[in-house]
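Have a look at the picture, then read on.

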Amino acid sequence: MREAERAVDQAESRLGTFGGFSSATLAYATAQVRHALGDTEGSIASLNDHFALRDSTDMQRTKLIFSSLLAERQLEAGHLEAACATRNAVLDEYPEIRSGRMDRQVAKIPSLPSPYRSNSVARQTSEHARELIAK
């Protein structure tokens, strides 16, 4: 992964992107590899890098899909309040960017795992999603 990062950095310094593979794309790919290897915290860090590196012209729908993925990983790592904050940001933008894939992501939010049902922030996020689904 480090060699790929260096190669993309070198290519970007000359061309902006290399074959459509930007630093943001590399950060996303790194997040996926880290998660597949069981490194959830590293995956979260790489997804955060991805968002920092995204171009302002990137599709909003893709941002929401990747943000949903980040929220799932944050919850998996036990970062409940961070996951709720990420999900709430997705829910705030969701009405403007509806798609089948986002509809499925948002539909999953209200069903909280039982350990989190007593958390007020998690319940609020769940209710926020229910309200949007009902519209």
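Glutamate 127 and arginine 130 sit three residues apart in helix α7, so about one helical turn separates them. Their side chains meet in a salt bridge, with 3.1 Å from N to O. How exposed are the two partners? Glutamate 127 is partly exposed, at a relative accessible area of 41%, and arginine 130 is partly exposed too, at 39%.

Before going further, a word of caution: this is a predicted model, so every value here is computed from that prediction.

**Salt bridges**

As a general point, side chains of opposite charge can pair when their charged atoms come close.

| Salt bridge | N to O distance |
|---|---|
| Lysine 63 and glutamate 93 | 3.4 Å |
| Lysine 108 and glutamate 72 | 3.1 Å |
| Glutamate 127 and arginine 130 | 3.1 Å |

Take the bridge between the side chains of lysine 63 and glutamate 93. This pair links distant parts of the chain, with lysine 63 in helix α4 and glutamate 93 in helix α5, 30 residues apart. Lysine 63 is partly exposed, with a relative accessible area of 28%, and glutamate 93 also counts as partly exposed, at 22%.

Now for the bridge between lysine 108 and glutamate 72. Lysine 108 belongs to helix α6 and glutamate 72 to helix α4, so the pair ties together parts that are 36 residues apart in sequence. Lysine 108 is partly exposed, at 43% relative accessible area. Glutamate 72 is partly exposed as well, at 30%.

Glutamate 72 turns up again in the surroundings of glutamine 105: leaving aside neighbours within four places in sequence, glutamine 105 is in contact with Ser68 and Glu72. Glutamine 105 is in helix α6. Is this residue buried or exposed? It counts as buried, because its relative accessibility is 17% and the cut-off for buried is under 20%.

**The overall layout**

Stepping back, the protein chain has seven helices and zero strands. Of its 135 residues, 36% are buried. The accessible surface comes to about 7900 Å², and carbon and sulfur atoms account for 51% of that. What about contacts along the chain? Among those between residues at least 6 apart in sequence, 50% join residues at least 24 apart.

**The nonpolar cores**

In soluble globular proteins, nonpolar side chains tend to be buried together. Which residues make up the largest nonpolar core here? There are eleven in all: Leu64, Ile65, Phe66, Val90, Leu91, Tyr94, Met102, Val106, Ile109, Ala129 and Leu132. The elements giving two or more residues to this core are α4 (60-76), α5 (80-93), α6 (100-108) and α7 (120-134). Of these, α4 gives the most, with three residues.

There is also a second, separate core of six residues, including Leu75, Ala83, Cys84 and Ala122.

Back in the largest core, leucine 132 is one of the members. Not counting residues up to four places away in sequence, leucine 132 touches Leu91, Tyr94, Pro95 and Arg98.

**An aromatic pair**

The structure holds one aromatic pair. Tyrosine 28 and phenylalanine 66 are stacked, at 4.2 Å centre to centre and with 10° between the planes. The pair links distant parts of the chain, 38 residues apart: tyrosine 28 is in helix α2 (residues 23-36) and phenylalanine 66 in helix α4. Phenylalanine 66 is buried, with a relative accessible area of 14%, whereas tyrosine 28 counts as partly exposed at 22%. Why the two labels? Buried means under 20% relative accessible area, so the 20% cut-off is what matters here.

**Two serines in loops**

Serine 99 is found in the loop between α5 and α6. This serine is buried, at 14% relative accessible area, and its side chain makes a polar contact with the side chain of arginine 61 (3.4 Å).

Serine 22 is found in another loop, the one between α1 (2-15) and α2. Serine 22 is buried too, with a relative accessible area of 17%. How far is serine 22 from histidine 50? They are 28 residues apart in sequence and 9.8 Å apart in space, C-alpha to C-alpha.

Conventions: Residues numbered from 1 in each chain as written. Predicted model: local features only at pLDDT ≥ 70, side-chain atom pairs only at ≥ 80, totals over all residues. Heavy atoms only, no water. Core = buried A, V, L, I, M, F, W, Y, C linked by side-chain atoms within 4.5 Å. Buried < 20%, exposed > 50% of the residue type's maximum accessible area, 1.4 Å probe, protein only. Helix = DSSP H or I, 4+ residues; strand = E, 2+ residues; numbered from the N terminus. Contact = heavy atoms within 4.5 Å. Polar contact = N/O pair within 3.5 Å; in protein donor to acceptor, adjacent residues only side chain to side chain. Phe/Tyr/Trp six-rings, centres within 6.5 Å; stacked < 30°, edge-to-face > 60°. Areas by Shrake-Rupley, 256 points an atom, 1.4 Å probe, with all protein chains shown as cover. Salt bridge = Lys/Arg side-chain N within 4 Å of Asp/Glu carboxyl O.
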